[in-house]
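Visitor: I have a model on screen and would like to learn how to read it. Where do we begin?

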Amino acid sequence: MDVTLGEEHEALRRTVEEFAREVVAPAAPGFDATGNFPYEIVRQMADMGLFGLPFPECYGGMGGDYFALCLAIEELARADSSVAITLEAGVGLGAMPLYRFGNEEQKSHWLPRLCSGTALGAFGLTEPGGGSDAGGTRTRAEIVDGEWVINGSKAFITNAGTDITELVSVTAVTGQRADGRKEISALLVPVPRAGFTAGPPYSKVGWHASDTRELAFENCRVPAANLLGERGRGYANFLSILDEGRIAIAALAVGLAQACVDASVAFAKERRSMGRAIASYQAIAFSIADMEVRAHTARLAYYAAAARLLAGQPFKKEAAMAKLYASEIAVTNARAATQVHGGYGVINDYPVARHWRDSKILEIGEGTSEVQRILIARELGLRPSV
Amino acid sequence: MKIVVCVKQVPDTWAEKRLAPADSTVDRESVDGVINELDEYAIEEALRIKESAGGADSTVTVLTMGPEKATESIRKALSMGADAAVHLLDDALHGSDALQTSYALAQALGTLEWDLVVLGSESTDARMSVLPAMLAERLGVSQLTFARKVEVAGSNGSTTVRIERLTEAGYDVIEGSTPAVISVVEKINEPRYPSFKGIMAAKKKPLTTLTIADAGIESGGVGLAAASTAVTGFTEAPPRSAGTIVNDEGEGGRKLAEFLAAKKFV
Ligand SMILES: Cc1cc2nc3c(=O)[nH]c(=O)nc-3n(C[C@H](O)[C@H](O)[C@H](O)COP(=O)(O)OP(=O)(O)OC[C@H]3O[C@@H](n4cnc5c(N)ncnc54)[C@H](O)[C@@H]3O)c2cc1C
C-alpha cells in the first residue's frame, strides 16, 4: 500500500510545478483578460514533452503513463485552468482516441505530430441538442463514392479552432442497427477541410483562454479510411475515453482547489484587520483548513482511480467518484477562497477571482455531476430513472 | 569538447533561510534543496556549447560538492541533458569556505578530463561570487567570468573561447584559449525545463561518488575547523517596517526627494 509518488512521477511533478509557477502564473491574468489562446506557453509545454506524456516513444511520445499526465494537469491547474484544460483536452480527448482505437497507419500518421505538440486534436461528441444524452447524436455520415460525407453540428468543442488544430474526431450516425437503434461511428476529420467550419469562440464565464467552439459540417468529405475504430463502436469507444478523461478532469479540479488553499494561506497571513492578521481569526483559519482537507481528499480519490487504471482494473466508478467529488470541492474551495480575500476576491488581478470563474465548468464538462451520480448509482446496481 | 559544470545545491529560493546555531553554517536539512539558480544557466550554456560543437566525444559532466541530499539536484541536471555526474561527498567537507571549496573542486577536476569548466557567477546562499576566479587561479587556466554570451571557435587542439563580460557600464569582449573556466550571468540564456524523457533517462546515467581521499584532498585543507574565514556571530534580519505612503497632491516629487535625502540615498 503506497500513496507516495515514485521518483520519476515526483521529478515530473516538480518540473511542471516550477514551470507553472515561473511561466504560466505570471502570464495567466493577461490571457484571461484577452481570451487569447496561449500559443507561446503551449509551445513551451510541447518542448517539455507534455503532449506526448502517456504515449510510447515509437509514436513520438515520452513513454510515461496516464497518471503522469494527470500530475502535469494538476500542477498546471494550480497556476491556470485554461492552460491545464488545453493539455487535458489535447492529450486525453484529442490524441487518446486515436491511440486507443486507431489502426497502425492512422496512429503513425497522426500521433507524432500530436505528441510533439506542434498540432492539436479535438474531440467532438457533444451536440447543440444535448451533451448528457450523447447517444442522441444527430450528426450523420454516409459513404458516397467511396468517401464519408458528414452533415451536422457539434457544440462546446475544446481546441477545435486554434491555429494549430489539425484533427477533429467526431461521432456521427452511420446507419441503423439490427435492433433499430442508431449505429454511431467515429470519424477522423483533418482540418482545415472543405465543408468544415469552426464558429467563433464562445464568450465563456471561465476558461477564457481555452479554445471552445461550435462546429458545422456541411457535406464535409473525408476518405473512407478515416473511420476510427470499428464501425458502430464510435459511441461506446468515446464513452470509454471519457471514463479515463474524468480522472484527468479530477486532477485539474484538485489543482484549482489547491491553488485556492495556497492563495488563501498567503493572503490571510498578510492581510490585517482589527489589528491582527486575518489568519489569526479562527473563522478564517478553519475555513482554509477545510479547503486543504477537501483538496487532499480529492487528490487521494483521483490517485486511487488512476492506480486502478494503470493496474488494468475496472475504474469506471472510481473515476466518476473522483470527478464528481473533485469538481464539486473545487467550486466550494473557490467560493471559500474568494470569501477569505474579501473584496479582492472579486477583482480579476487576484488569481482566486479567476479560479472562482474557472471552477464552475468542472461540474459540467466531461459529464455533469448528475451524469456522474447516474454512473455511480448504476455501478452500485441501482437503476435511477434517466 | 569536454565540459564540466559545477553545480551547487542551495536552500530553496522561496524558503526562509537559516544558519544552524551550533556552527553558524547554512541549515540545509530543514529546507528543500534546489539547484542554485545561476547554475541552471551554466548547465544550459554547457548543453548549448555541446550541441553546437556536436560530435560523439562532446560531453557535459556535472560536478557537485555537497551532502547526500544534493543528489536530487544532480538528478535534475542530468534530466536537463548532462551526460554524467560526479558527486564529491564527504563529511569532512562540511563547513568549508570559498577558498577551501575551490581547492576541493580543483582537486576533483583533476580526476576528470575537460576543456571547459562552466559555473554560475554566484550562489544564492553565499553570494560571494569568488569561486570561478579562485578555481581558474588554482587550475592555472584562462579565466572568463561574468559572461553574458559565450562563443567557442576553432577545432581540436586550438580552441578559442570568446565571451562578453558583463560590466557596470556595458560589456567587455574577452578571449582566451582552452582549457578555461567560464562563469555566466542570467542574461546569457533561458534554461530548459527537463522533459519526461530526460527524467527517465537521468536514472540510467553514470553518477560517480568521490570521497576526499579519492580526489586527493588533504583532510586538513577542508572543513569548518580549518576554514580561513569564520562566522563570528549573526542576528536575524529585523521584520520589515510598515513603510511610508506618499500621496501625490501636486508635490509628490518633492516629498519623494525629501524622503530619499533624509535616508541619505541621494
Ligand atoms: C467549456 C466547455 C468545454 C467542453 N469541451 C467539450 C469537448 O471538447 N468535447 C465534447 O464533446 N464536449 C465538450 N463539452 C460539452 C460538455 O461535455 C457538455 O456541456 C456536458 O456533457 C453537458 O451537456 P449539455 O451542455 O448539453 O447539457 P444537458 O445535457 O442539456 O444537461 C442540462 C442539465 O440537465 C441535466 N441532465 C441531463 N440529462 C439528465 C438525466 N438523464 N438525469 C438527470 N439530469 C440530467 C444535466 O446534468 C444538466 O444539469 C464542453 C463543455 C464546456 C462548457
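**Ligand shell and chain contact**

Guide: The shell around the ligand divides into nine nonpolar, seven polar and three charged residues. Ala, Val, Leu, Ile, Met, Phe, Trp, Tyr, Cys and Pro count as nonpolar, Asp, Glu, Lys and Arg as charged, and the others, Gly among them, as polar. This is a predicted model: local features need pLDDT of at least 70, side-chain atom pairs count only at pLDDT 80 or more, and totals for chains, interfaces and linings use all residues. Residues are numbered from 1 along each chain as written, chains are lettered from A and ligands numbered from 1 in written order, and side-chain values use heavy atoms, without hydrogens and water.

Visitor: How many residues surround the ligand?

Guide: A residue is near a molecule if one of its heavy atoms lies within 4 Å of it. Here 19 residues surround the ligand, and Thr126(A), Gly131(A), Ser132(A), Phe156(A) and Thr368(A) are the closest.

Visitor: Which polar backbone atom is 2.6 Å from an oxygen atom of the ligand?

Guide: A polar contact is a pair of N or O atoms within 3.5 Å. That backbone atom belongs to Gly131(A). A ligand nitrogen also sits 2.8 Å from a polar backbone atom of Phe123(A).

Visitor: Why does the ligand lie between two domains?

Guide: Domain bounds come from an automatic or database domain assignment. Domain 2 (122-232) and domain 3 (236-379) of chain A both give residues to the shell, so the ligand lies between them.

Visitor: How many residues does each chain bring to the contact?

Guide: Contact means heavy atoms within 4.5 Å. Chain A brings 20 residues and chain B brings 14.

Methods: A polar contact is a pair of N or O atoms within 3.5 Å; within protein, one must be able to donate a hydrogen and the other to accept it, and residues adjacent in sequence count only if both atoms are side-chain atoms.
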